[in-house]
Amino acid sequence: MAMANSTKPSIVDETQQLYNIYRQRRETWAKQAKEDREFRLGRQWTKEQAAALEARGQAPIVINRLHPAVETAKAMITANRPAFRCSPREDSDRKVANVLSALLAYVYDISDGRNVIRESVDDYYVTGMGFVMVFQDPSADDGKGEVKITDIDPMDVFVDPNARHRFFDDAENIIVSRQFTKEQAKKLYPMYKKKIQNAGGSYNDDRPVTQRTDSGEVQFPEDVGMVPENEYIRGYERYYKMELERYRTFERWSKKEELLEEEEYLGNYIQKSAWIIDGQIVTDERSATQLMQMAQQRIAQQHQQQVQKMVQEGYDPETVPPPEQQPDIQEVTYGDLIKSGEIEVVQVTIKRCCQVVVMGDKLLYKRVLPSEHYPIIPMINIHTRTPYPTSDIRMVRGVQEYINKTRSLIIAHATTSTNTKILVPEGSVDMSEFEQKWAMPGVAIPYDPTDGPPVPVQPSPLPNELYNNEQTAKADIDHALGLYEMMMGNSQAAPQTYKATISLDEFGQRKIKSKLADIESALTRVGQVAIALIQQLYTTEKIFRVIQPNNSMSEYVVNKRLVDDKASEIKVINDLTIGKYDVIVVAGSTLPSNRYAELEFYMDAYAKGLVDRQEVLKKTEVFDMEGVMQRMDAIAQLQQQLQQAGEKIKTLEGDLQTRDRESVNLRKKVEVEKFKTGLDKTQNKASAAASVFEKRLNDEDKNIRTQIKSAAKSANN
């Protein structure tokens with residue numbers, strides 16, 4: 001056993017041996033990927049093909065259809081930023097899940113995620129796979145550290161050739177290796193300057209060489225000039241998985257779950273103090289002290305109430321016995337709580353990714369990452385269940401070569417057609433003089449007619465089908481990449497109506513959504529790894545801001561410690577260090593959308609009262625949306641005030657009209673009453689005169705009757 005340990009290679013030697021093995025196994029794929037890169041950038045003729053064409057007088061011309069097709073596909077897939085959504089595995093983590101969704105957007109922003117994803121998608125189309133790496137930058141944010149993402153050149157990644165999983169989860173090792181100058185390495189790892197300076201190494205290029213023609217216009221990393229070779233050093237970042245023993249604890253009273261290392265569990269956790277106060281478990285000493293004081297005060301108050309009651313009943317207060325009840329307080333350890341079942345403990349075996357960094361022949365450091373997934377996330381194009389996928393460029397290279405050959409043939413035919421060939425009888429003319437004079441206009445050329453006149457020969461015209469074939473080949477490349485003429489802005493391929501154009505544009509994206517599914521699954525894995533690194537790094541209070549697509553800004557605070565005045569407990573708001581979360585990327589969130597159709601849809605919804613105007617403004621390109629909303633709110637308030645003032649004026653005008661009408665009616669009523677009063681006076685006077693006249697008449701009647709009676713009486717006498 002001792003001999004086995006002595007012969008076991010060091011981790012540096014083991015890493016270098018694995019690198020050499022993986023490099024040899026991927027040599028074929030690396031050469032093809034290098035050719036595909038060169039082919040995409042215009043190196044589309046081999047040296048033999050170019051020499052043969054030039055010998056026939058034809059130009060090795062390149063009609064590069066692949067580069068614009070890749071750029072169009074890349075622009076479509078990365079048109080918008082990805083939308084991350086986190087969902088908690090427990091209800092207690094629901095609030096933190098929303099914060100983590102924003103935090104992933106923050107990581108995307110500070111890492112210049114748009115360009116990172118664009119570079120990875122470019123490699124995805126050209127070489128067959130692109131890589132995104134999630135890492136912790138300890139020097140960012142003034143030394144507090146940040147979690148970031150970056151893209152990696154696929155030619156620098158060496159994967160276990162036995163891997164079958166799309167994300168290389170079953171790979172034994174993943175090695176990222178490239179050449180550094182020692183100054184570069186020192187700046188990358190400033191805390192290991194001495195080791196890097198003493199490390200041995202030399203320039204060792206692992207990039208394959210192809211037989212493509214090189215005009216010097218396109219350069220790759222291996223084409224750039226080198227410093228002295230002894231200043232170069234090869235760096236290795238090796239990732240592999242290992243099994244670790246952990247203790248999973250679950251506290252019944254707080255529902256808190258932790259995963260502890262053996263040293264942490266046996267050394268600190270089981271010896272932590274806790275208190276059981278009246279059946280309530282408290283783990284904070286300050287809170288326990290306050291609860292004990294509150295319990296004692298409660299018992300003292302009950303005793304005081306008992307004394308007052310007995311005094312009221314006439315008893316002597318000195319005869320009241322002291323309180324027999326005392327607070328039930330027990331000081332225990334977490335080990336005691338584990339024995340009593342209040343804490344459940346399960347010993348588990350987990351997988352974690354281990355990182356080893358080597359520079360030259362020196363080991364810089366080794367660490368265990370908090371994630372079970374590799375932080376090197378691949379975007380696999382055409383997966384062959386190997387670490388060596390096929391690219392779209394390789395699938396359409398034959399069609400591109402056909403386009404180049406067809407165009408070269410057309411140009412050669414055009415050149416031949418503009419230079420007329422003459423059949424001249426042998427010996428009839430001096431050829432040098434004939435060719436010289438033939439190029440001069442208006443010059444007579446003498447010849448011997450006995451052998452016949454010179455006969456011009458014209459080449460046969462090319463068939464129209466040859467030109468159509470070239471256009472068909474270009475369309476085949478676009479279709480292979482999921483593109484269509486209308487989607488690239490070709491108005492001739494678009495339908496006549498607006499609605500039909502929108503519908504076809506949406507239907508045309510179905511093919512490219514297959515590619516998008518590969519990108520989204522990789523971004524989902526990026527989010528999962530990033531959350532694990534976030535929970536490890538962000539343990540103190542942090543404020544971060546996220547700019548929304550509508551230019552509004554949201555602010556979040558994580559790990560904020562607050563003291564509850566009622567319970568006197570320290571609470572952590574948005575604690576990122578606990579909980580498990582699932583991450584998804586909203587399907588189609590990165591694809592382009594028709595702005596006009598989307599705005600029309602939201603305008604219709606706003607008209608029907610389904611959404612508010614703020615939601616409509618989000619779909620516009622209004623830069624100062626918040627300012628517009630504030631001004632619109634101010635205008636709405638002024639309009640409301642104006643409307644209220646107008647309604648009040650109308651009310652006052654109505655009251656004034658009513659008052660005027662009542663005043664007129666009142667005046668009329670007064671006049672009538674006055675008239676009635678006058679009539680009453682006249683009537684009274686007439687009645688009085690009639691009464692007087694009637695009485696006077698009666699008096700006269702009585703007098704006459706009396707006189708008649710007197711006269712009759714006298715006559716009788």
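**View 1. Ring pairs link Y247, W253, Y265, Y269 and Y334 into a cluster.** Rings of Phe, Tyr and Trp (its six-membered ring) pair if their centres lie within 6.5 Å; planes under 30 degrees apart count as stacked, over 60 as edge-to-face and the rest as tilted. By this rule there are ten aromatic pairs. The model is predicted: local features need pLDDT of at least 70, side-chain atom pairs count only at pLDDT 80 or more, and totals for chains, interfaces and linings use all residues. Residues are numbered from 1 along each chain as its sequence is written, and side-chain values use heavy atoms, with hydrogens and water left out.

**View 2. Y265 and Y269 in helix α10 (residues 262-269).** The ring centres of Y265 and Y269 are 6.0 Å apart and their planes are at 25 degrees, so the pair is stacked. The two residues are four apart in the helix, about one turn. Helices (H or I, at least four residues) and strands (E, at least two) are DSSP runs, numbered from the N terminus. Both Y265 and Y269 are buried. Buried means under 20% relative accessible area, exposed over 50%, and partly exposed in between (1.4 Å probe, protein chains only).

**View 3. The ring pair of Y269 and Y334.** Here the centres lie 5.0 Å apart and the planes are at 90 degrees, so the pair is edge-to-face. Y269 lies in helix α10 and Y334 in helix α12 (residues 334-340), so the pair ties together parts that are 65 residues apart in sequence. Y269 has a relative accessible area of 4% and is buried; Y334, at 3%, is buried too.

**View 4. Charged ends over the rings of Y374 and F39.** A charge sits over a ring if NZ of Lys or CZ of Arg is within 6 Å of the ring centre and within 35 degrees of the ring normal. The charged end of K241 sits over the ring of Y374, 5.0 Å from its centre.

**View 5. S391 in the loop between β13 (376-380) and α13 (392-418).** S391 is buried, at a relative accessible area of 1%. Its side chain reaches the backbone oxygen of V126 at 2.9 Å. Not counting residues up to four places away in sequence, S391 touches D36, Y125, V126, T127, G128, N381 and I382; contact means heavy atoms within 4.5 Å.

Conventions
A polar contact is a pair of N or O atoms within 3.5 Å; within protein, one must be able to donate a hydrogen and the other to accept it, and residues adjacent in sequence count only if both atoms are side-chain atoms.
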